[in-house]
Structure formats: structure tokens, C-alpha cells
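Reader: Hi! I'm new to this one, could you walk me through it?
Author: Happy to, let's look at it together.

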Amino acid sequence: MKISREDVLRVAELAYLDLSEAELETYRAQIDEILEYIGKLNELDTSKVEPMAQVLSEQQTLDATLREDLVVPCAVAEDVLQHAPDPEAPYFRVPKVIER
Amino acid sequence: MTANWTIDGVREALAARKISARELAAEFYKRIGTQNPQLNAYLALTPERARRQAEKIDALVSAGSNLPPLAGVPVAIKDVISTRGTKTTCGSKILENYIPPYDATAVERLEAAGAVILGKTNCDEFAMGSSNENSAYGPVKNPNAMERVPGGSSGGSAAAVAAGLAVAALGTDTGGSIRQPGSFCGIPAMMGSYGRVSRYGLIAFASSLDRIGPFATKVRDVAAILRTIAGRDPHDSTSTTVPVPDYCAGLGKPVQGLRLGIPKDYFGEGMDAGVREKVEAGIALFQKLGCELVDIRMPHTDYAIAAYYIIATAEASSNLARYDGVRYGLRVEDDSLLAMYRKTRGAGFGPEVKRRIVLGTYVLSAGYYDAYYLKGQKVRGLIAQDFRDAFTKVDAILTPTSPVPPFHLGERTSDPLQMYLADIYTVTGSLAGVPGMSVPCGKTCGKLPVGLQIFGPAFGEARVLQLADAFEKAGGADV
């Protein structure tokens, strides 16, 4: 077994994700099978291979990655707040996080 | 009235004043009204927006002005792509009432070119799936066989175009989500190179893999849409300045003498016999067109699914952290902030999304990062190298798009790994960043579309489209 019930619980906690008992067991079994399959990557010797995080060459991104850090008007603040679950302009309101 | 409109057909009809842009949009809404209740391809319609745009086009026609390239063309947009003022749900309950405050760049460019946006199309939740059965708003049906899936995740866009409910549509492809539904619905569908089309306004699933691309009924229309949406966008730092050629101008050039790689590694076990027969017939047709077939090896193909599902889920777990009930979308109330996060996410995400968040968080977590995530990235490098090596020998690569024809609704939902394994022929190109296209390549069992996939080197879209167009004109759809 690659992944235990406790592993799934720990990961769900990291991801702030409530899972029911039934979901826990279903995902554990399914992810176990997936990880078992993923294990086939160990057949490959990758000790001399660089990890590839993205596909664009340096030349392609050279002109793209950095721009001047400028403030530009975007004028969507009102729209954005309007669709928030609990807005109080100009803020998003959340449950209290500090005890008095 | 012509049943199947094309971009050129729309332009000619408008210019000859046989129909107005408003009438054309109304005709499409009528078809949608009749067919969508069964098909479930559209999640939302945008008649007001369509009317305003159509009026602009009609005013240009009345004034005798030059018409923009996509004037009056009715299009559909996958519901993971932001549309200002129109709900964009990503097929998820967590964004059921989300209204974006801005348009995606691809949407903006389509409208600037004269296209009329009809509405938003159904998809697997957050584009995670290969059958459209992971939508929180019900599955889409395949217009070729209503008891079967349209493919996914862009199943609504593919079905809408195939059923004549839009002339073209935008989808997104992370591991095959444009090409596979294109194959299942029997229409051409293209994923350009990574960086070719701006992702600004595309709600992220896996940022190093996500790409926006077109569906249409003809390769020429795919080329025209891609040309419109491609090119550098300052809002997306991964969109490149590589020049965008006129893809339509390259169509019709002879393909004789082009070298096409046939990777043995894509024709192994697990392929449906009917799919194999049609794809082999498609390859033979290219030979008849004067192309040279070259046997090539892409030795890391068999590892692509494993690498893909590590990388895609890891990126997804990070990207989907933003759905926390604070700024947009669903909130499930609780007195504690952390419990509010957990309950909101637990209630808002569907099963496939939760599964991928758990898997993605796991492969990134302390102690497993090297074994899984880093290993996946290294194997990604090997797969990209397979493609680079192949393109030193050939101009393009031919493979099946999917190992299986469209399957029955519900047939594969209980086994996620089996569903993932069917992405084998598409995820390779996703990891490598190269352009890939699916073109119709006959039907198996008399009615189930088969797709032939054409890969080109990075930013070699013109060659891919040229080949697809030649194949289409030579009767590829009926091999």
C-alpha cells in the first residue's frame, strides 16, 4: 500500500479540504492505485536529467518575463467586491481570526 | 438555409446581404433552443451580448465598410474562459454564481475580429476529465451518438460545433481536452504551441500545460480562429513574441515530399481495432498524397501518463487553493476561518477535483516531493527530448488521437486510472509544449468518429494546419 488513511487525512488537512468518511476511503483506494501506477517512473534512470518546469526556451521568454513595475488603473474593484460572498467595501469580510 | 456555416460562408452571405448578422445569431439561438435540452452543450447563453455585436456588424454591412475577418461568425466559449458580465462556472458548484469582471484576451480578440459570442459551453469541472461527465451541471451528449460521451474536458464546445450550434468554439487543452473531444465529435480541433495563445482570463488548472485553442467544422476555420487569438499579450508573461503567420495563406500548398514520423510507441497494445484500422487508412492517405512515412521511436511515451498526472495534479492543487470562500464563489459559513475554508472547499468541489487536489498535494508534500514531483519533471524533460529528436528527422508526427472511440455515458466513471490511461496519445504533446491537432479520420462501427493526431515542432502550427487541410480535402473524414 502506497498511501494510508492517515496520509489522506493529513493531505486533506494541508489542502483545507473537508472529506467525508466515504470519500476518504474511496480516494485512498483510488489514489493508491494511481501511485502504484506512477511508480513505473522508477524504471527510468533520471540521475543526469534536469527537471523541466516549463517548456518555453530562454529566448522565447527573454522579452516577456520582466516588465516595469507600474501601477495601472484597472477599475474593476467595485465589480470584484460586488461578487464577493461577504463584502464590506473596500474589504472582504471573513470570520474572526483573533481572539480578543 | 445552409445547415453548416463556415467563416467564409458567413462572410459571403453577409456581404451579399442574404442574411444579417442578427438573423444569423437568431437562427443559431433557435437551433440551440431545439437541441440543447438534449445535448446539454451550452451552460449559459449571451443573447444581449450577441445582439449588440451583431448590430455592429450589420451597421458595417449597411455602410459598405470592410468587414473584419470573423464578421458575424457565431462562436461558443468554454466555461473556464472568462467573459465579462457573464457567469463563468468552470463546470463547478464552487463558481456557480461567479461573474468575471473582465474578458479573457482570446475572447476580446475574437470579438474585435467581429465574432458573435453565443454563450458558454459545458465542460468537466475545472477542465479535469476526458468525458465531460465530471461537470457539476450534467454530462454533454455526443451529437453523433446520443448515448455516448462527447469527450472532455471541452465536450460542450466540441458538441456545440459538431451539432451546428456554433460555427466555431474555444476550448482548452491541458492533457488532450481539445483534441480528444474533437476526435470524439468528428471535427478538427487544435492545440497550438504552449505560449502561442494568451492564457489571460483562462481560469487556471495546470499553468505550465493549459492552452486555449479552436474547434470548427473545417481546418481552414480552425486556422482562421487560431490566427485571430494567437500572439503576444502583455497580460500573460508566457505568451511569446514569436510572429504569428497567416495560417490560412499556407493552406493548399502541396504536401508532397513532407516527411511524416510514425512512432511505433503509439501503436501498441490497448488500441481499439476499429481505431487502428481507420488511423492506418489515414496514414496511407498521406502516403498517397506524396508524403514520405518514416518509422521513428519515441521511447518515453509509455511514461507520459504517470509524469502528466503528477505535474497536472500538483499544479492544480496550487491553483485551486484560491477557492477559499473569501473573494468569489461559494462560501459555506462557519465561525472559524479555517473551518469555513474546509467546508467551502468540501462542499464546492466535485469528486474528480477533490481526488486531484489530494493527489497533487500529496506529490508536493514534504518527503514525497523528490520521489514524485521532481521525478515527474525529469521525465517531462525526457519526453520533450523525444519530440526534439523526432523533429530532426521528420516534419510532423502522426498518431491516433485516442486509443478508443467515444464510449457510453457511465461506462468508465468508476475507475479513474482507466480514464487517465486513455489520455496516452495526447498528454505527450502537452508535456512537450508542441502543437497538436486532431482531424476527422473516418468512423468506426458506422457512426463513431475516429481522430488522427498531427504533432508539429514548437511554433510549427502552419505545417500542422497545412497537413490537416490537405488530409481533409483528400477525403480524410471518410477513410
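Author: One term to begin with: a residue is buried if 20 or more other C-beta atoms lie within 10 Å of its own, exposed if 12 or fewer, and partly exposed in between, with C-beta atoms placed from the backbone. This is a predicted model, where local features need pLDDT of at least 70, side-chain atom pairs count only at pLDDT 80 or more, and totals for chains, interfaces and linings use all residues. Residues are numbered from 1 along each chain as its sequence is written, and chains are lettered from A and ligands numbered from 1 in the order in which they are written.

Reader: Thanks! Which residues in α3(B) are buried?
Author: Ala50(B), Gln53(B), Ala54(B) and Ile57(B) are buried there. They lie on the same side of α3(B), because they cover an arc of only 100° around the axis, the arc being that of the directions from the helix axis to the C-beta atoms.

Reader: Why would that spacing work?
Author: An α-helix has 3.6 residues a turn, so residues three or four places apart point the same way.

Reader: What do the buried residues of α3(B) pack against?
Author: They pack against α2 (21-39), α4 (105-112) and β3 (116-121) of chain B. Helices (H or I, at least four residues) and strands (E, at least two) are DSSP runs, numbered from the N terminus.

Reader: And which exposed residues sit on the face turned away?
Author: That face of α3(B) carries Glu48(B), Arg52(B), Ala59(B), Ser62(B) and Ala63(B).

Reader: Switching topic: how many helices and strands does chain B have?
Author: Chain B has 15 helices and eleven strands. Of its 479 residues, 64% are buried.

Reader: Where is the kink in α12(B) centred?
Author: On Lys375(B), with a kink of about 30°. The bend at a residue is the angle between axes fitted to the seven residues ending there and the seven starting there.

Methods: Two residues are in contact if their C-beta atoms, placed from the backbone, lie within 7 Å.
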